[in-house]
Amino acid sequence: MRTFLTLAAAFFMWSFAAVPAQAAVTITFWSHELGNSFPHAFFTLHGIPDAGGAPVDTNVGFTAKSVSPALLMGPVAGKLDIAKPGYVAGSDAQFSLIMSDAQYEAVLRLVDAWSEGKPDSVYRLSDHNCVTFVKEAARIVGLTGLDQPKLMKKPRSYLKAVQAGNVGRVTLLGLHGKAYLARLAPVAPTSEMTK
């Protein structure tokens, strides 16, 4: 009997070790109120793709390249906005979900398409802003209830409306950034939005 238990224990340990560690990238949607110029929406990516590869721990939003009265007149140059850690910690994590690798790759393509100099890098205050950017990321990860025309200049209200329309599909957070970030398991940071 002892030999059987020893073999069973060895088999269990071998089979557990033979299974690759499961990992995935989580996308978290954030809002920031009372910014230097206006409220803001962005998302963070945190984890390791299931297929392996470099860990990711970054954030990205979209904003005007420069803040001036020209924002009120029409389209201006836009840019990706990678926030400093203190800004993220001072923001509010609204909700998150774990992405498939295909969704993660599609989000990276979205980021590339909105990069400076690309056709989608034009910023329009009313309909091609930070909220529009997170809306497109939410569409990629399969969320619904994204068309909220009256909320396209209201990041927190927009994200709360999307969250309410996707209960059971997203993890509701409603946490101040510092508290949310303290809960995350560390991954090696990456400096770019690349694979």
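# A guided tour of the predicted model

Begin by selecting aspartate 127, which counts as partly exposed at 45% relative accessibility; partly exposed means between buried (under 20% relative accessible area) and exposed (over 50%), with a 1.4 Å probe and protein chains only. This is a predicted model, in which local features need pLDDT of at least 70 and side-chain atom pairs count only at pLDDT 80 or more, while totals for chains, interfaces and linings use all residues. Residues are numbered from 1 along each chain as its sequence is written, and side-chain values use heavy atoms, with hydrogens and water left out.

Arginine 124 is partly exposed, at 30% relative accessibility. By this rule the model holds seven salt bridges.

**The whole chain**

Now display the complete protein. Seven helices and seven strands are present; helices (H or I, at least four residues) and strands (E, at least two) are DSSP runs, numbered from the N terminus. Their order from the N terminus on is α-β-β-β-α-β-α-β-α-β-α-α-β-α. Of the 195 residues, 38% count as buried. The accessible surface comes to about 10,900 Å², and 62% of that belongs to carbon and sulfur atoms; such areas come from the Shrake-Rupley method with a 1.4 Å probe, and for residues only the protein chains shown count as cover. Among contacts (heavy atoms within 4.5 Å) between residues at least 6 apart in sequence, 64% join residues at least 24 apart.

**Helix H4**

Next, select residues 101–113, which make up helix H4. The end C-alpha atoms of H4 are 18 Å apart, in agreement with the 18 Å that its 13 residues should span at 1.5 Å a residue; the expected span is 1.5 Å times one less than the number of residues. Colour Gln103, Tyr104, Ala106, Val107, Leu108, Leu110 and Val111, the buried residues of H4. Against which elements do the buried residues of H4 pack? They pack against S1, S2, strand S3 (56–64), strand S4 (76–81), strand S5 (92–99) and H5.

**Helix H5 and its ends**

Move to residues 130–140, helix H5, which is mostly covered, with eight of its 11 residues buried. These are Cys130, Val131, Thr132, Phe133, Val134, Lys135, Ala137 and Ala138. Just after H5, glycine 142 takes a positive phi of about 90°.

Return to arginine 139, which is partly exposed with a relative accessible area of 39%. Arginine 139 forms a salt bridge with aspartate 147, the closest N and O atoms being 3.9 Å apart. Aspartate 147 counts as exposed, at 55% relative accessibility. Salt bridges with shared partners join Lys135, Glu136, Arg139 and Asp147 into one network.

**A link across the sequence**

Finally, select arginine 156 and glutamate 33, which form a salt bridge with closest N and O atoms 3.9 Å apart. Arginine 156 lies in helix H6 (residues 155–164) and glutamate 33 in the loop between strand S1 (25–32) and strand S2 (40–47), so the pair ties together parts that are 123 residues apart in sequence. Arginine 156 is partly exposed at 35%, and glutamate 33 is partly exposed at 25% relative accessibility.

Definitions and conventions: A salt bridge is a side-chain nitrogen of Lys or Arg within 4 Å of a carboxyl oxygen of Asp or Glu.
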